[in-house]
Amino acid sequence: MLRRAVARALEQGVFDGVSARLLGRGWAACSNPVRPVRLPPGARVVGVGGATLGGSGKTPVVLALARALAAKHRVAVVASGYRARTRSTRQVEPSDDAEHVGDEAAWLARALADVSVRVFVGPSRELALSCAARDAQVVIVDGLLQTSPERLACSFLVLDDAAPWGARRCPPAGDLRASPDLLLAACDSVLLGPGGEPMHHVTSSKDVSRVLWFRARVRGARTPSGRFVSLSELARTRLGLVLAIARPERVLAELAGHGINPIRVEFHADHARMPAGLARGLDVWLTTPKCATKLHAERGGAPVWVLERRLELPTRALALAAGDEATSATAQARNAVAATARGATLPG
């Protein structure tokens, strides 16, 4: 409860006193999204970072990138390993316990098993990168925006269109990882979603061509047996919603937009362990794939259904990640023209 309360306060910028602002400015002055990481030879390393401490949507982008690139390349993923208990670098198996390898690593391993993308986690990114690159052409690193002294082959900054810079201040005054200028300077491209609508706050016109929009929408859910459940069926079901993610209100709002209104809602801190719950009056518990790695097929006597989302990445993002320079150059020109026509701007 305390972790969730603190995280929520950071997301909303509740700590607005003089001391919090001064400390936030100190964080911003010291923060650097460019990490000293030695890149392994032979593999193309792609970084995906978020602007906030959670809730930007970077891990779903990592998943979508890996699935798409796996059609033509040998791909590996280095997961963030947040809250992981492993002391050595290892490949994550779909059967691994999320309490041991971290919920994001467990989710990625399960979601990518069918396309033969290996997921690695370790006590340091360098060690995990080294292992991941041994038999991969492309390695995607979750949570790494940029490296030095050698830059990544490609880096994406993922922003949520509703709150691209979170509370717009660094901890403890907000949830922003670093100043927007530093984050933008560190990345090659900005992936803005999930709504995919142009922003109306201009940072600078030169950044317009670097903005790529992706779309993400909930399609339905899956039962423990694998049956697909449509949105209309979800709307007719007595649901409980249980989440341990950053900014969970977005999921609740998206469901409400489809006429799905859970009769019980539990929000826990991002990555937190979720306690056993009572299902009195409920037919089903609904959750996300990441949260499902810490739940059983049933919770309190009711089955757990997992939300299914479709994330669509632009062609140019895939070309940039794969290193298809010819395709990237052509797509870049098209994107610049389209962005200008739509009045596209970068969030400020």
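**Figure 1. Strand 9 and its cover.** In this predicted model, strand 9 (residues 189-193) is mostly covered, with five of its five residues buried. Buried denotes under 20% relative accessible area, exposed over 50%, and partly exposed the range in between (1.4 Å probe, protein chains only). Helices (H or I, at least four residues) and strands (E, at least two) are DSSP runs numbered from the N terminus. S189, L191 and G193 point one way from strand 9, while V190 and L192 point the other way, and all are buried. Residues are numbered from 1 along each chain as its sequence is written. Local features need pLDDT of at least 70 and side-chain atom pairs count only at pLDDT 80 or more, whereas totals for chains, interfaces and linings use all residues; side-chain values use heavy atoms, with hydrogens and water left out.

**Figure 2. The partners of strand 9.** Two strands are taken to pair if DSSP finds at least two bridges between them. Strand 8 (residues 154-160) runs parallel to strand 9 and is joined to it by five bridges. Within this pairing, V190 of strand 9 is the bridge partner of L157. From strand 8 the chain passes through helix 7 (residues 180-186) to strand 9, a right-handed β-α-β crossover; right-handed means that, with the strands pointing away from the viewer, the path from the first strand over the helix to the second runs clockwise. Strand 10 (residues 211-213) is also parallel to strand 9, through three bridges, and its residue L212 stands opposite L191.

Figure 3. Eight strands form an open sheet in the order 4-5-3-6-2-8-9-10, with mixed pairing. Strand 4 (90-92) and strand 10 are the edge strands, each pairing on one side only. From one strand to the next, the twist averages 30°. Axes are lines fitted to C-alpha atoms, for helices over the stretch in contact, and angles run from 0 to 180 degrees between N-to-C directions. Strand 4 pairs with strand 5 (residues 118-121) in the antiparallel sense over three bridges, and F120 in strand 5 is the bridge partner of Q91.

**Figure 4. Helices lying across the strands.** Helix 3 (residues 58-69) lies across strand 2 (44-50), strand 3 (75-78), strand 6 (138-142), strand 8 and strand 9, and runs at about 170° to strand 6. Helix 6 (residues 125-132) lies across strand 2, strand 3, strand 5 and strand 6, at about 155° to strand 5.

**Figure 5. Surroundings of T237.** T237 lies in the loop between helix 8 (231-235) and strand 13 (239-243). T237 counts as buried because its relative accessible area is 16%. Apart from neighbours within four places in sequence, T237 is in contact (heavy atoms within 4.5 Å) with D283, V284 and W305.

Figure 6. In helix 11 (residues 315-322), the buried residues include R316, A317, A319, L320 and A321.

Figure 7. C131 counts as buried because its relative accessibility is 18%, and C291 because its relative accessibility is 0%. The structure holds zero disulfides, a disulfide being a pair of cysteine sulfur atoms within 2.5 Å.
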